[in-house]
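Please consider the structure shown below.

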Amino acid sequence: MMDTAKRKWVPYFFLSPYLLFYMAFGLIPIIFSFYVSLTSWDGISGKKFVGLANYKFLFNGDSYFFKSIGNTLLFIVMTLPLQLIFGLLIATLLYSQYVKWRAFFQLINFLPYIVTPVAVGLMFNLLFDWQAGFVNKVLIHLGIIDEGIYWLGDPVYARLIIVLMMFWKGFGYTMIFFLAGLANIPKDLNEAAQVDGASGFRNFWSITLPLLRPVITFIVITGIIGGFQLLEEPMLLLGGAGMGSSSAVIGGPDRCCLTTVWNMYDTAYGSTTRYGLGAAIAYGLCVIIAVFSFIGVKFQKGEQE
């Protein structure tokens, strides 16, 4: 009887280190941050319980919550299709028999993904600086423009640069998944289609693309979740130092590039120290990501059935 009771506790004993770390660094901070979202707190003075006031304030235009959600969605909608198309195109080319040095080109295309966000933000800041940027110098040298374009000072240009930056950094990630998906497609399917007289495009459209649908679904779901976590690159690109003035508007001109996580960071640790409102923004973002994840899982299950 005693041995049976001990055997029941053995798994919990070995799991206890993980459970303790999870409670200390996962569960307790989650509960505490939710409590903070119900208070007004600047991190120094005492917390004042305000109930759902912070969540109600998210619907106020001064919170920039929905503006930042809209900006983030715009970046995702503009970037994700480009990453999918170019990732699939490059993966198909590399998987074909016509490309030599396949491993070298895989590495070259994947390298941007492992570059740190800080380096990416600073690099694009230097490229598109309106006074000393490389892009303006090339365009002036070629006679396309007479004077430097203020890329980061115009909402349209600033958004396009963010999209370009996200595309450059992320298409290698999609390429790797497409390469793995292409490797799992049985070659005899394409060979049988070729024997029946199907063209290369017909093979790709009718066989390869449908069999890659689970990979595409996975990339779309993870791309949306990752896109909502966008912070470092636009913050370093437009955070003030690159705008030529330390008093530049947070989020770029007209806050056109203010992402949701950047809004949360600035509210809690940046221009204000409203920890309660920052926590409410974080939980609002959590709900949105959960909704997209739920839709993605339902869509994936529907495909499998």
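The following text takes these topics in turn.

This is a predicted model, in which local features need pLDDT of at least 70 and side-chain atom pairs count only at pLDDT 80 or more, while totals for chains, interfaces and linings use all residues. Residues are numbered from 1 along each chain as its sequence is written, and side-chain values use heavy atoms, with hydrogens and water left out.

A search of the whole structure finds zero disulfides, a disulfide being a pair of cysteine sulfur atoms within 2.5 Å. Cys256 is in no disulfide, and its nearest cysteine sulfur, that of Cys257, lies 3.5 Å away. Cys256 is buried, at 1% relative accessible area, whereas Cys286 is partly exposed, at 45%. Here buried means under 20% relative accessible area, exposed over 50%, and partly exposed in between (1.4 Å probe, protein chains only).

Ile30 belongs to helix H1, residues 2-37; helices (H or I, at least four residues) are DSSP runs numbered from the N terminus. With a relative accessible area of 44%, Ile30 counts as partly exposed.

Thr259 is found in the loop between helix H11 (232-238) and helix H12 (260-269). Its relative accessible area is 0%, so Thr259 is classed as buried. Leaving aside residues up to four places away in sequence, Thr259 touches Ser68, Thr72, Phe75, Leu230, Leu231 and Pro234, where contact means heavy atoms within 4.5 Å.

Technical notes: Helix = DSSP H or I, 4+ residues; strand = E, 2+ residues; numbered from the N terminus.
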